[in-house]
Amino acid sequence: MSLLENYESPWMDEELGILRDAVKKFVEREFAPHATKWDKQGFVDRDAWNKAGEAGLLCASISEQWGGGGGDFRHEMVLVEELNKANVTGFGNGVHSGIVAHYISAYGSDEQKQRWLPKMASGELVAAIAMSEPGTGSDLQAVGTTAIKDGDDYIINGQKTFITNGMTANLVCVVAKTDPNEKAKGISLIMVETDAVQGEGGFTRGRNLEKLGLKAQDTAELFFDDVRVPSSFLLGSAEGKGFIQLMEQLPQERLIIAVGAVAAMETALRLTSDYVKERKAFGKRILDFQNTQFKLAECITEARIARTFIDDCAMKLLEGNLDTATASMAKWWTAQKQCEIVDTCLQFFGGYGYMMEYPIAKMYADSRVQKIYGGSNEIMKLLIAREI
Ligand SMILES: Cc1cc2nc3c(=O)[nH]c(=O)nc-3n(C[C@H](O)[C@H](O)[C@H](O)COP(=O)(O)OP(=O)(O)OC[C@H]3O[C@@H](n4cnc5c(N)ncnc54)[C@H](O)[C@@H]3O)c2cc1C
């Protein structure tokens, strides 16, 4: 659809254009043919990570010194957008490269960076971040998982749930209380290499949770039963910094969700524009009804507003100026609009829109979680309201 195709984000350049083409071809060749199988089995094949690593798509925004691609947030945006365009959802690279790699890059010692980042870039390590617990999600200060010092080790006990890449990950960034008597000040981030501690009386995985959407993403329960890790796996120089570290990285995490939301809106509108030009009712194309024209005009306008807003946020992030409130605005508003626009688009497909063989149906199911994870939309509004 020319209205979407003719708009190019101001941050795009020739190099990113080459990356976009390469990612598009990679996704078409290596991921798209398996997407239905991945949706059915509930996880992305493990070797997809190695293939993505070989193609240079993991840790694209991490320094080359640590095995990354040497790019920046724009490179992550291109990846998120191309996966969304192909309607390949569930490959948890946003968590792996966009979140966990950045925690290690920002707070890890050189030794920690050397230990984990090159293997994350190659796909040998797949990362997850374990914040949420059965008893607490939004209220992170209330996490019950503990990591108590014992000689040169930490002993971790607790339970996590809803963890993206949970079944596949072999490197987990665990949010735990190193001082259970404190709230935020007691929180630390500790890396767990799962292969070393897996098994009875250690680290175990629970169910791969059955979800409404994002079927190919393994979202799992994790259990820590006296899991012993070296104290050198604490991220940062001192205990109790975890909450501040989380807060510092959240604008980027929220923007990644917003980028996915905008890409999904644009994909839904492309698919729908094509469909309403083909399908006929009462002797006319569906597009010829004024209702269709007005609704799509509204959606395309909102998608453009969302696009220009996240482009502006991305440029602010690159300059180091994306504040928490603005990132929260981007996350809640684009997630909300994604759900509305995908719903409106689905309606134009009639009964076919409800059939899983039509991509719009998968997009509808996938969209719903965007308002929940990464900080729910209500929490986003709280963060904005704090600045009023
Ligand atoms: C598919 C999926 C993937 C996920 N991936 C991860 C992951 O990789 N790592 C991870 O740690 N977590 C992950 N999560 C968890 C996710 O971040 C949490 O579900 C989310 O933060 C909400 O927490 P909760 O589910 O405990 O809801 P609750 O905190 O119990 O909230 C329930 C409802 O109450 C509202 N609410 C809560 N507090 C307030 C308040 N103060 N004011 C107004 N309303 C409020 C919330 O907005 C929500 O609508 C994932 C979740 C899903 C569904």
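Me: Why does asparagine 165 count as buried?

Reply: Asparagine 165 has 28 C-beta neighbours inside 10 Å. A residue is buried if 20 or more other C-beta atoms lie within 10 Å of its own, exposed if 12 or fewer, and partly exposed in between, with C-beta atoms placed from the backbone. Therefore asparagine 165 counts as buried. This is a predicted model: local features need pLDDT of at least 70, side-chain atom pairs count only at pLDDT 80 or more, and totals for chains, interfaces and linings use all residues. Residues are numbered from 1 along each chain as its sequence is written.

Me: What makes phenylalanine 162 buried?

Reply: Phenylalanine 162 has 20 C-beta neighbours inside 10 Å, so it counts as buried. Phenylalanine 162 is found in strand 3. Its phi is also positive, near 65 degrees.

Me: How do you know that the buried residues of helix 4 are on the same side?

Reply: The buried residues of helix 4 (residues 46-54) are Ala48, Trp49, Ala52 and Gly53. They cover an arc of only 140 degrees around the axis, which puts them on the same side. The arc is that of the directions from the helix axis to the C-beta atoms. On the other side, Arg46 and Asp47 are exposed.

Me: What covers the buried residues of helix 4?

Reply: The cover includes helix 2 (14-31), helix 6 (93-107) and helix 7 (110-122). Two residues are in contact if their C-beta atoms, placed from the backbone, lie within 7 Å.

Me: How do you know that the ligand lies between domain 2 and domain 3?

Reply: Domain 2 (128-237) and domain 3 (243-385) both give residues to the shell around the ligand, so the ligand lies between them. The domain bounds come from an automatic or database domain assignment.

Me: Which residues come nearest to the ligand?

Reply: Of the 21 residues around the ligand, Met131, Gly137, Ser138, Thr164 and Ser376 come nearest. A residue is near if its C-beta atom, placed from the backbone, lies within 6 Å. The elements that give two or more residues to this shell are strand 1 (127-130), strand 3 (153-164) and helix 13 (377-385).

How values were computed:
Helices (H or I, at least four residues) and strands (E, at least two) are DSSP runs, numbered from the N terminus.
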